[in-house]
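Here is a short report on one protein model.

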Amino acid sequence: MNIAHKPFSLPALSVVESNDFTRAARILHTRAGILLGSHKRDMAERTLGLRAKKVNFATVREYLDLLEQSPHSPEWENFVNAFTINHTAFFREQHHFEILGDFVKTRTKPLSIWCAASSTGEEPYSIAITLQEYCPQPSYGVNIIATDIDTKAIERAKAGVYSMERVKPVPEEQLKKYFQRGVGERAGMVRVKQAVRDMVKFDVLNLLSPTWHSNEKFDAIFCRNTMIYFDKETQTRILERFAQVLKPGGLLFAGHSENFTYLTKAFRLQGQTVYVVSET
Ligand SMILES: C[S@@+](CC[C@H](N)C(=O)[O-])C[C@H]1O[C@@H](n2cnc3c(N)ncnc32)[C@H](O)[C@@H]1O
């Protein structure tokens, strides 16, 4: 077969106009807090063109009209999911898990930890494994809540299935103890064992939402590598709400490039991007 002249075809996109990017960036920022920099323009326009086509609009303008006019449209989920960045890893910033382990030994049960942008689950399962290792009787009086705005990421997190490549940061001994190896169709994959999965309750939650968890107070909150996508005003608002839901002496774990020292007095830097809630 002569394939030399076979036309190269891309999936057709809906029509993108010059102001669609700015409008979409504003809509995304209002809904999810995420800032879409102009360096992402090409990627964003392509994504918008594909989404608009998928829901049968000839133009991205009509697609954005739908989002603006229908705050409860199911398409919101796809729109936000398309612009989240889910990069994560097991035991990312390893020192935080050592600090967490030592910290939980000083606290009294019941222990509650909130992983506030848990992506595909590697971070909350690293928390659960740490508690298994450091807490006496970890199946009792330990509550881990893991949330994210991205519905697809939460689905993957709940399944707890990962490639061998993804679990490389997990020490061999813990890999044997807390993961089961896939067989047959799942060869080359591992699944977090039921006992560890049972420790984590996953839910979809937008950090910008006016209500979070009902009256729940936490010993520690992990919100790492997420605030960098928000503007300073949004970061400050969220930090002050985090302070209100932490128990006295509670810790906030931030990402390696996040510095909240100048944003609010609600937290004091303890070191290594770990903050302790200020006494009121
Ligand atoms: C780069 S990942 C960080 C994952 C993990 N915390 C870590 O450090 O490995 C950022 C996560 O923040 C989530 N996110 C972005 N905006 C959010 C919002 N408004 N509310 C909740 N989660 C959000 C994204 O869906 C994404 O999964």
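The sections below take these topics in turn.

## Basis

This is a predicted model: local features need pLDDT of at least 70, side-chain atom pairs count only at pLDDT 80 or more, and totals for chains, interfaces and linings use all residues. Residues are numbered from 1 along each chain as its sequence is written.

## Two domains

The domain assignment gives domain 1 (20-83) and domain 2 (95-277). Such bounds come from an automatic or database domain assignment. The C-alpha centres of domain 1 and domain 2 lie 29 Å apart. Their contact takes 7 residues from domain 1 and 11 residues from domain 2. Contact is set by C-beta atoms, placed from the backbone, that lie within 7 Å of each other.

On the domain 1 side, helix H4 (residues 75-83) gives the largest share, 3 residues. Helices (H or I, at least four residues) and strands (E, at least two) are DSSP runs, numbered from the N terminus. By class, this side of domain 1 has 4 nonpolar, 2 polar and 1 charged residues. Ala, Val, Leu, Ile, Met, Phe, Trp, Tyr, Cys and Pro count as nonpolar; Asp, Glu, Lys and Arg count as charged; the others, Gly among them, count as polar.

## Sheet and helices

An open sheet of 7 strands runs in the order E6-E2-E1-E7-E8-E10-E9, with mixed pairing. Strands pair if DSSP finds at least two bridges between them. The edge strands, E6 (200-204) and E9 (267-271), each pair on one side only. Twist averages 20° from one strand to the next. Strands E8 (residues 246-253) and E10 (residues 274-277) run antiparallel, joined by 3 bridges. Phenylalanine 253 stands opposite valine 274 in E10.

Helix H10 (residues 232-244) packs on the sheet and touches E7, E8, E9 and E10. The direction of H10 makes about 140° with that of E8. Axes are lines fitted to C-alpha atoms, for helices over the stretch in contact, and angles run from 0 to 180 degrees between N-to-C directions.

## Lysine 158

Lysine 158 lies in helix H7 (residues 151-159). Lysine 158 counts as partly exposed because it has 16 C-beta neighbours inside 10 Å. The cut-offs are 20 or more other C-beta atoms within 10 Å for buried, 12 or fewer for exposed, and partly exposed in between, with C-beta atoms placed from the backbone. Threonine 59 is 99 residues from lysine 158 in sequence and 35 Å from it in space, C-alpha to C-alpha.

Methods. Contact = placed C-beta atoms within 7 Å.
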